[in-house]
Amino acid sequence: MTHDSKFTNQKFNLVGTRVKRPDGVDKVTGRARYGADTFAPGQLVGAILRSPHAHAKIRRIDTRRAEKLKGVKAVITSADLPDLTDGDDELYDILENCMARGRALYDGHAVAAVAALDAETAREALQLIKVDYKALPHVTDVDEAMKPGAPIIQPRVRTKDKPGKPTNIAGVATYGHGDIDAGFEQAEVIIEKSYKTEQVHQGYIEPHACLASVGPDGQGELWVTTQGPFAYRNTCATLLGMEMSQLKVTSSEIGGGFGGKTHVWAEPVALALSRKANRPVKLVMSREDVFRASGPASSTSINVKLGATRDGRIIAADAVLRYSDGAFPGIWGEIGAMAAWACYDIENVRSVGYDVIVNRPKVAAYRAPSAPMAAFAIESTVTLMAEELGIDPVEFRLRNAAREGTRASYGPTYGPIGLVPTLEAVKNHPHMRARLGKNQGRGVACGFWFNFGGQTCADLTIGADGTVTLSVGTVDVGGARASLSLIAAEELGIPYEQVRCNIADTASLGHNDMTDGSRGTFSSGMAAIFAARDAIEQLRARAAKAWDIDVQNVSWKNGRAMAKGKRKSLTLRELAEASANTGGPVSGHSQVVPDGAGVSFASHICDVEVDPETGATKVVRYTVVQDAGKAVHPDYVEGQFQGGAAQGIGWALNEEYVYGEDGRLQNAGFLDYRIPVCSDLPFIDTQILEIPNPNHPYGIRGVGETSIVPPLAAVASAVSDAAGVRMTHVPMSPPRILAAIKSSRDRQALAG
Amino acid sequence: MRYESPTSIREAVALMVGERGDAYLLAGGTDLLVRMRGEFIDPDLVVDIKRLPRMQEIRKSASGFSIGAGVPCVALARNKPLVRAWPGVVEAAQLIGSDQIQGRSTIAGNLCNASPAADSVPALVVAKAKAVVVGPGGRRRLAVERIVTGPGTTSLGKGDIVTAIVLPNPPAKSGDAYLRFIPRSEMDIAVCSAGVSLTLGARNVVKQARVALGAVARTVVLVPQAARAIVGTRLEDDALMQLAAACEAACSPIDDKRGTVAYRTEVAGVLARRAAAIAYDRARRRR
Amino acid sequence: MPEVRLFGGLRDAVDGAESVRVEGTTIRELLQNLGRDYPLLRERIDQGIAIAIDGTIYRDDRDQPIPEGAEVGLLSRIAGG
Amino acid sequence: MKGIAVSTTVNGDAVDFVCHGRETLLDVLRNHLGLIGAKEGCGTGDCGACSVMLDGQLVCSCLVLGAEVEGREIETIEGMADGDRLHPLQSRFLDHAALQCGVCTPGFLVAAKALLDRNSNPSESEIRYALAGNLCRCTGYDKIVRAVRAAAGDLRRGQKAQAKRRAAG
């Protein structure tokens with residue numbers, strides 16, 4: 001393996017072990033408190049009225065009958081959320097998404113809200129609100145929305161020419177280098193293919209939920225399921241006209257987010273209801289609300305053109321990627337264009353990303369947002385090219401893979417990266433040699449994600465008995481408290497059990513960016529290391545004071561202070577017990593902006609069996625190989641690999657938003673939005689590679705997102721291998737597969 | 001909303017008849033509560049029939065089986081004689097939802113909910129099952145295929161309560177089977193489905209057969225042409241192809257979020273073929 | 001003077017140029033000078049961008065020095081899940 | 001609105017509550033009885049996060065009316081541990097890291113216990129189908145299935161040991 005060896009020989013005592021998580025017992029006994037699991041004295045129940053139209057002008061909202069209903073304590077409309085966004089378009093969009101302002105932009109758009117004594121009264125009150133809509137023409141398909149004459153959804157969005165005309169194309173972004181035309185001139189084989197992917201939802205099991213409390217003194221509290229309490233605080237405070245320090249946001253245990261809880265949806269509404277009623281308000285979305293009115297991922301339409309030489313070198317690559325943003329401008333197409341060709345070293349490469357506004361809910365991040373769709377199109381085409389050239393698809397990828405020094409298609413030149421090692425591991429994996437049965441096929445695909453750092457701080461306080469509290473501001477979405485405790489214990493040289501990691505609320509720690517971009521363990525891990533080092537400095541000084549020697553002569557090892565010539569060392573506990581007389585409590589702090597998260601790569605192998613008579617697909621074997629930099633807690637690293645793969649498999653096979661001609665979502669529930677169930681999946685094998693990230697003291701890379709990137713293409717190539725048809729439309733639902741098999745048979749019959 | 005839990009059938013009928021608003025029966029509740037939650041219905045009265053006498057029993061008599069309207073689907077699979085007699089019916093009931101749903105849902109409820117995709121109904125139809133209906137006009141028995149008249153509608157009148165589903169004893173050398181297609185391995189509503197029962201004569205030639213399809217029309221459809229295609233055969237490939245063709249011809253499905261017209265039509269034929277093969281195999285093994 | 005390569009939609013803010021030259025020994029200086037020279041770009045910088053220095057992407061850290069002869073890129077700030 | 005008075009048994013304790021006709025058992029457990037272990041993931045019986053036992057039968061508490069449980073016996077996740085001793089399923093879920101966010105975990109544990117109570121040695125496939133009514137979006141189910149298999153082994157060994165002790169005693 002060719003990679004930076006600076007950290008490869010780092011020896012750890014605790015990092016890399018599989019300890020039990022500190023929040024485990026609460027979670028297996030039902031005690032853990034999630035968004036909907038807390039109660040306040042006198043709390044009301046909030047409920048939201050939503051638009052039944054995909055696109056409509058709201059002429060009038062009559063709330064009088066609802067207000068008069070006994071037990072109703074507040075009714076609000078957008079009039080109760082005045083525009084305080086000060087010309088910030090992005091913030092205005094968030095405000096308008098939380099509550100429609102004179103126009104409804106998608107089926108499910110919030111229009112009014114109530115707070116009442118109980119759920120039954122709130123439900124009745126919603127029925128009493130009369131909204132006068134004028135339905136407008138709508139468009140929900142990304143390609144249709146780009147056509148001239150499509151209904152315009154955001155009049156402020158204009159074409160770049162002068163004077164700009166209204167358009168649904170919110171942005172066009174081009175990435176790449178070299179000379180595309182010259183590249184295709186040189187190509188001996190060119191493959192062009194078009195792809196489509198349908199809209200999917202993160203599908204976290206816990207719906208959005210919060211308990212909001214705002215008093216007439218302008219002080220407020222928000223208990224909420226979120227990936228970022230600080231971001232929620234800042235957004236909510238701004239929208240409500242509150243001072244940030246006056247709003248304390250506490251993140252509950254979070255029942256899954258995957259990007260969907262990086263964005264406020266109903267929280268400002270709950271706060272506004274509470275302010276109006278002057279009582280705490282609990283607002284919990286139904287599953288239907290979650291599907292209709294939180295942020296799914298984009299649907300896409302993608303064209304790929306790939307040129308290669310006969311000896312297996314890709315010399316030209318071009319992709320046009322159209323991503324739906326929902327009813328508000330986004331950057332999802334641009335991110336898709338950036339991620340598109342990231343796995344390959346290509347001389348002449350281009351990607352053009354379009355961001356397209358449609359009458360659907362505002363798109364939010366979903367685990368490596370925008371990358372899976374691009375990877376589906378590109379990896380499928382790469383496999384097609386390998387087949388066309390008669391080269392093994394893994395070998396073909398190895399010949400063209402990005403490595404250290406490759407100029408990435410999105411601009412920068414890569415440092416040490418792990419794509420080639422994942423492909424080598426796939427090549428040597430026993431899975432690749434396993435025999436396939438009847439109607440079975442195998443597919444391989446690669447995936448890339450950027451990863452990032454972000455603002456992070458941590459406090460590490462040492463109690464009088466020498467045990468340690470680590471406070472971090474990144475929400476623990478799946479075991480991070482265990483990993484961060486391991487890191488702090490490693491650095492301090494004490495047992496894991498003596499560190500308790502705690503997720504701080506916004507009043508107890510400085511700003512932290514959200515848990516997103518696979519940054520939780522990477523960033524807070526780094527902050528924990530530096531906070532521990534800060535504490536160690538102080539502990540050394542305390543020991544020096546006790547021994548009356550210069551601090552330079554005190555070292556820290558295995559959880560104790562030592563000095564040459566001192567027979568007895570001072571333990572952390574002894575130093576803590578004496579702290580009152582040596583300068584007060586010991587606490588370490590650190591704030592970092594740990595950029596240099598280190599890009600992440602994975603390669604997946606998928607075997608499927610396709611029933612040629614029904615088009616049903618069963619995943620029979622699946623293997624994930626991914627670079628983790630350093631796996632702090634291997635169980636949870638494997639868990640991230642497996643979870644991402646499962647989400648990708650669901651996306652590949654059955655998950656999709658189905659809109660009717662009327663622009664309304666037809667499957668807003670877990671019955672017909674089909675996420676994989678336990679009996680749909682095999683065990684998902686994992687192989688963790690550890691190619692240390694030179695930008696992290698422990699070599700850690702983010703691991704959370706990349707695993708969702710390869711499955712769409714891996715499954716598609718496996719289906720193609722099994723059924724003899726190349727699927728270009730995701731999800732590859734049974735009707736689509738059966739139709740493809742039949743039309744391929746028809747073509748063969750014609751040809752024969 | 002009022003909730004009542006009567007302990008006699010007469011009382012239950014009186015409650016239903018007496019309600020001026022919307023009254024609904026609660027058996028397993030797995031459809032009713034979902035429809036309430038989705039605000040498709042807003043009942044003024046819900047009458048829970050699980051505490052009525054004999055609602056929770058599967059009774060075996062000389063003429064066959066009587067399955068009380070409150071019997072959860074999970075109980076069918078635990079009744080060995082029923083599993084031996086009507087494995088297709090039991091399998092169909094077993095397909096209605098997860099273990100959690102199985103613990104509550106009932107075949108009577110599955111029938112009266114009147115979904116064209118109801119899993120138990122094609123199996124009950126081919127088994128010649130009857131529904132015992134008690135109402136203001138007294139007690140009567142109706143073939144199950146006469147209960148459902150369209151999506152969400154039944155021939156039952158106000159106050160009519162299906163108290164039991166009755167199955168005959170299976171004829172000698174007979175077998176039944178039910179298959180449905182769903183995109184996942186569990187937890188979905190049938191995209192299309194097929195139930196087949198058949199009886200063999202000498203040399204294992206099919207003597208009698210019934211074929212019913214689900215989710216391909218406004219109600220579950222019995223397809224006599226499909227049955228005729230296999231009567232007098234030993235399910236040779238040719239017969240099976242004719243069976244499938246007859247099934248396809250009987251389909252008049254819709255395009256919706258769960259499937260397309262073309263898909264439902266084609267796969268209904270595939271399922272009928274496969275179900276017929278299973279039923280045939282079962283019949284051959286049975287004395 | 002580092003050559004700053006621009007990617008994606010950012011090129012619109014500098015009349016489609018693929019790269020511009022601007023003084024700067026740290027990210028902060030560089031961005032200040034870019035904003036001064038290209039007002040349209042300042043808007044994008046304020047909305048959030050990222051800087052790549054020799055392949056490492058910096059989203060927030062403005063103190064990062066820009067070594068002599070470094071490859072510098074300006075790109076859109078990505079979001080994550 | 002007139003409430004309905006209900007007397008029932010939850011985790012062995014006699015409990016009385018008053019609910020509205022439309023309130024579900026899940027609403028009652030969470031909002032009247034303070035038992036928040038059962039979660040509402042969908043409210044339509046599709047996710048299993050609200051799984052409880054009702055008279056020994058696994059059900060979704062969101063599909064049971066509160067008024068229906070008069071005189072019945074309910075067991076919830078809160079009653080699974082034996083005092084301060086976790087049930088083997090609970091221990092194995094922790095050992096195997098079979099939870100990430102953990103919101104589906106109570107439902108999985110209740111459903112898995114229902115399975116192991118009737119089948120002490122389920123195959124992988126039996127485990128997967130028995131748990132198909134419980135959605136998990138974090139784990140891909142891999143570690144959950146392994147944890148259930150391991151707990152089944154623990155329970156079988158425990159029963160054998162108990163039988164031996166009984167025979168010896």
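**View 1. One salt bridge links chain C and chain A in this predicted model.** The partners are R407(A) and E71(C), and their closest N and O atoms sit 3.9 Å apart.

View 2. In total, 24 residues of chain C are in contact with 38 residues of chain A. Together the two chains bury about 2,200 Å², with 56% of that on carbon and sulfur atoms.

**View 3. Now for the largest cavity, at about 510 Å³.** A search of the whole structure turns up 6 cavities of 30 Å³ or more. The largest is lined by 37 residues, and V477(A), T521(A), Q640(A), V703(A) and G704(A) are the closest to its centre. Helix 15 (480-492), helix 16 (520-547) and helix 19 (634-653) of chain A each give two or more residues to this lining. Its make-up is 13 nonpolar, 17 polar and 7 charged residues.

**View 4. The second largest cavity holds about 80 Å³ of space.** Among its 14 lining residues, A339(A), A340(A), C343(A), A375(A) and F448(A) lie nearest the centre. Helix 11 (371-389) and strand 16 (440-449) of chain A each bring at least two residues to the lining, with helix 11 giving the most, 5. The lining comes out as 12 nonpolar, 1 polar and 1 charged.

How values were computed
Residues numbered from 1 in each chain as written. Chains lettered and ligands numbered in written order. Predicted model: local features only at pLDDT ≥ 70, side-chain atom pairs only at ≥ 80, totals over all residues. Heavy atoms only, no water. Contact = heavy atoms within 4.5 Å. Buried area = accessible area lost by both parts, 1.4 Å probe. Salt bridge = Lys/Arg side-chain N within 4 Å of Asp/Glu carboxyl O. 1 Å grid on protein atoms, 1.4 Å probe; cavity = no way out; pocket = protein on both sides within 12 Å on 5 of 7 lines; lining within 4 Å. Points joined across faces, edges and corners; volume = space filled by probe spheres on them. Helix = DSSP H or I, 4+ residues; strand = E, 2+ residues; numbered from the N terminus. Nonpolar A, V, L, I, M, F, W, Y, C, P; charged D, E, K, R; others polar.
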